[in-house]
Amino acid sequence: MTPMIDVCFQIIIFFIVNMRIILPEGDFDVTMPRVMPTASRTAQADDIPPDAAASAQLPTIHIHLYADKNGNLVGIKMGQRSIGSFRGLRRQMREICANDQGPAAAVASREVKLDFDYNLKYQYVMEAVSHISGYLTDDKRTVVRMIENIKFGTPRRSR
Amino acid sequence: MRMLSQRTYRSSTDMTPILDITFQLTFFFMLTLNFSSDIQSDLIRLPASDIAKPAEGHLKASITIQTLASGLVLFGGDQMAIGALRGPLVRERRTMRKVLGHSVKDITVIMRADRDVPAGKVQEVLRVCQSVGFQRFVLRARMHEG
């Protein structure tokens, strides 16, 4: 029986060594600007008028992320107003949602358009999406959703 | 003189329970181990988020595209430049329609991109997907507490 147990342990050790621990992952829904049909690529995709349903909603919030030459975040703007940090961005979004009669109303009706420099590191874009989408309650157990309609703008090359 | 017979006692362990446990462990690892890196490559370090929607079970049909920090794209087990992605995507779309019966409008593109890749490259990949006909996109993040 001993050789059989040896072989079994060898197999188990092989599987243990090859085991990968997969961390839990989550998703954010995003919308891309619509692409013009191939035959008529004369206009920028952003110039396409939005859906009729979207135009009936509250005005789109424009958020811009700026990067330095290394791709690190150097500035955040909501419209023309500068925001110092992602926490400030989330605070602003919470105020907007509160004015929209609660986060539940904002989830359905608000759209955020996110513009960023081409070379901005992806982690900053995801952080912005995370801070726009919602927040954790004080007990860290419940997620309150704020905005689910997040649209990417056309990427622009850094100055 | 009569010698007293010495009885020697030998105890032997019953190995059957050890074998049972060993087989149980082996079966467990055989069933749970996944060698494929098509949908979760170790080369990619996802950005973190504390509020991303859990990934399990809410997508009807999906394909996973992974963007490495170098800007190359990992799709279907192959690495390629963004410009070469269109062909494999068209084939995938065709296969999903013919074999699984999924319309391109029902298929969600899951984007797993490294946190240091330029965001513009990620957007280029998504635009290629759009040009093939995909309309739904999700960005995947690593969940972390607080």
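Predicted model: local features only at pLDDT ≥ 70, side-chain atom pairs only at ≥ 80, totals over all residues.
Good morning. Between chain B and chain A, about 4700 Å² of area is buried, and carbon and sulfur atoms give 63% of that figure; buried area here is the accessible area, taken with a 1.4 Å probe, that two parts lose on being put together, summed over both. On the side of chain B, the residues that lose the most area to chain A are Ile51(B), Lys53(B) and Leu139(B), together 16% of what that side buries.

Residues are numbered from 1 along each chain as its sequence is written, chains are lettered from A in the order in which they are written, and side-chain values use heavy atoms, with hydrogens and water left out.

Let us turn to the contact itself. Chain B contributes 51 residues and chain A contributes 50 residues, where contact means heavy atoms within 4.5 Å.

Which salt bridges involve Glu25(A)? A salt bridge is a side-chain nitrogen of Lys or Arg within 4 Å of a carboxyl oxygen of Asp or Glu. Glu25(A) pairs with Arg140(B) at 3.8 Å, N to O. Glu25(A) also pairs with Arg112(B), with the closest N and O atoms 2.7 Å apart. This second pair crosses between chains, from strand 6 of chain B to strand 1 (residues 25-30) of chain A; strands are DSSP runs of E, at least two residues, and helices are runs of H or I, at least four, numbered from the N terminus. The count between chain B and chain A is 3 salt bridges, and over all chains a search of the whole structure finds 5.

Which element gives the largest share of the side of chain B that touches chain A? Helix 3 of chain B does, with 9 residues. By class, that side divides into 28 nonpolar, 11 polar and 12 charged residues. Nonpolar means Ala, Val, Leu, Ile, Met, Phe, Trp, Tyr, Cys and Pro; charged means Asp, Glu, Lys and Arg; the others, Gly among them, are polar.

Thank you.
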